[in-house]
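Here's a quick tour of the aromatic rings in this one. Have a look at the sequence and the model, then read on.

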Amino acid sequence: VMVCLAASAQSLTQKYNSLMDRTEFFDSYGHLVGYAKYNKLMNRVEYYDTYGHMIKYEQNNSLMQRKETKDSYGNTQSTRSYNSLMDREEIKDSYGNVTGYRKWNDLLDRYDDYDRYNNLVGYYKYNDLLKRWEYFRK
């Protein structure tokens, strides 16, 4: 199911842990590098390092129709919103500059990540066999 070029290397794998009710992130050696957990009280997804320290969180802003990523102090790091004209999800820095975007690739059945210069920098592909999303960096 998974075809990958010799030039690309797997750099991150994410898998949902139903016992801990969280999504865990692993490096290419299988070591846990962090996890994400949904906070129902605050209505947001919080990201933690392996020691349990919150790194950042993501929260939907329905007024602005975008998803905002903030650091543990509440400072906006980036925003993500869907651009229907370009049919892609754009990632912008705290000043509103496009830093990259994600687009669905029908041919290869994956999400492609691009930088601000339209260079493919990586992609997400679902591994049906292992039932997890895998990220490959170019």
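Y111 counts as partly exposed because its relative accessibility is 33%, with buried meaning under 20% relative accessible area, exposed over 50% and partly exposed in between (1.4 Å probe, protein chains only). W133 is partly exposed too, at 29%. A word on the ground rules: this is a predicted model, where local features need pLDDT of at least 70, side-chain atom pairs count only at pLDDT 80 or more, and totals for chains, interfaces and linings use all residues. Residues are numbered from 1 along each chain as its sequence is written, and side-chain values use heavy atoms, leaving out hydrogens and water.

Now the ring pairs. Rings of Phe, Tyr and Trp (its six-membered ring) pair if their centres lie within 6.5 Å; planes under 30 degrees apart count as stacked, over 60 as edge-to-face and the rest as tilted.

| Pair | Centre to centre | Angle between planes | Type |
|---|---|---|---|
| Y111 and W133 | 5.9 Å | 45° | tilted |
| Y124 and Y135 | 4.7 Å | 55° | tilted |

In the Y124 and Y135 pair, Y124 is buried at 18%, and Y135 is buried at 8%. As for the other pair, Y111 and W133 belong to a cluster that ring pairs build together with W104 and Y126.

A charge sits over a ring if NZ of Lys or CZ of Arg is within 6 Å of the ring centre and within 35 degrees of the ring normal. R88 has its charged end over the ring of Y101, 3.9 Å from the centre, while R110 lies over the face of Y123 at 3.8 Å.
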